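Please open the model in your viewer and keep the selection tool at hand. The tour below goes stop by stop, saying what to select and what is found there.

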Amino acid sequence: HTGWIEVVCGSMFSGKTEELIRRVTRALIAKQRVLIFKPSIDVRYDDKDVVSHNKNAVTSVPVNNAKEIYDHVSECDVVAIDEAQFFDNDLVEVCTELANNGLRVIVCGLDMDFMGQPFEPMPQLMSVAEFVTKLHAVCMKCGEPAQFSYRFDASGEQVVLGESDVYEARCRKCYCEGMKTQ
Ligand code: ADP
Ligand code: MG
Ligand code: ZN
């Protein structure tokens, strides 16, 4: 049977990891063989587990780069990848290759960085995927749907690991207002 790629994207706190855990749980109920990967850079909660902000967890394989995924995927039906924005652009080729070989590939990640810029390799993955789901958080300023990850200190690197101490989900209006005053 055929494989395919599913992308789940959105801002921080939009429920990407919850959705990954939901899809993986259902695949496991159907007795599918599932492997979950995350970049080893993401060590916010636990070395091995994929953990949502509400502390749900499933066991994952931390990998240093996209091609390392190839070393683990024999004997598996479903591959799920979290925090895809922290991978190199080889991830596009890896996901395509796995789907071409009949696997279901679920790939989750931030579609924009804290500057509101597309976060590679997510745009490329969204282009080649069969299915794209964009989730929204709740704007912490006004309660509207939020698609931006506002960082309290916008100076410095693209990647600053952190949680609600560093980032806040915001709608477009509240995001723009915050960026103007920084
Ligand atoms: P993501 O992987 O997209 O960062 P998670 O799946 O880890 O998101 O977490 C989603 C959970 O985050 C929600 O179920 C909720 O408990 C919590 N949360 C915290 N802040 C917000 C917010 N502003 N909007 C929505 N959910 C939030
Ligand atoms: Mg997440
Ligand atoms: Zn708002």
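Begin by selecting helix H2, whose buried residues pack against strand E1 (4-10), strand E6 (78-81), strand E7 (104-110) and helix H3 (122-128). Helices (H or I, at least four residues) and strands (E, at least two) are DSSP runs, numbered from the N terminus, and packing here rests on contacts, in which the C-beta atoms of two residues, placed from the backbone, lie within 7 Å. This is a predicted model, in which local features need pLDDT of at least 70 and side-chain atom pairs count only at pLDDT 80 or more, while totals for chains, interfaces and linings use all residues. Residues are numbered from 1 along each chain as its sequence is written, and chains are lettered from A and ligands numbered from 1 in the order in which they are written.

**Stop one: H2**

Within H2 (residues 90-100), colour Leu91, Val92, Val94, Cys95, Leu98 and Ala99, which are its buried residues. Seen down the axis of H2, these buried residues fall within an arc of 165 degrees, so they line one face of the helix; the arc is that of the directions from the helix axis to the C-beta atoms. A residue is buried if 20 or more other C-beta atoms lie within 10 Å of its own, exposed if 12 or fewer, and partly exposed in between, with C-beta atoms placed from the backbone. Just after H2, select Gly102, which takes a positive phi of about 95 degrees.

Next select Asp88, which lies in the loop between E6 and H2. Asp88 counts as partly exposed because it has 14 C-beta neighbours inside 10 Å. Which residues does Asp88 touch, not counting residues up to four places away in sequence? They are Asn65 and Ala66, and although Asn65 is 23 residues from Asp88 along the chain, their C-alpha atoms are separated by 6.7 Å.

**Stop three: ligand 1 and H1**

Now centre on ligand 1, which has 15 residues around it, with Lys16, Thr17, Ser52, His53 and Ala137 coming nearest; a residue is near a molecule if its C-beta atom, placed from the backbone, lies within 6 Å of it. Helix H1 (16-29) and strand E9 (137-138) each supply at least two residues of this shell, and H1 gives the most, with three residues.

After H1 comes Lys31, whose phi is positive, near 65 degrees.

**Stop four: Val51**

Move to Val51, which sits in strand E3 (residues 49-51). Val51 counts as partly exposed because it has 19 C-beta neighbours inside 10 Å. If you draw a distance from Val51 to Thr133, 82 residues apart along the chain, their C-alpha atoms are separated by 20 Å.

**Last stop: the whole chain**

Among contacts between residues at least 6 apart in sequence, 73% join residues at least 24 apart.
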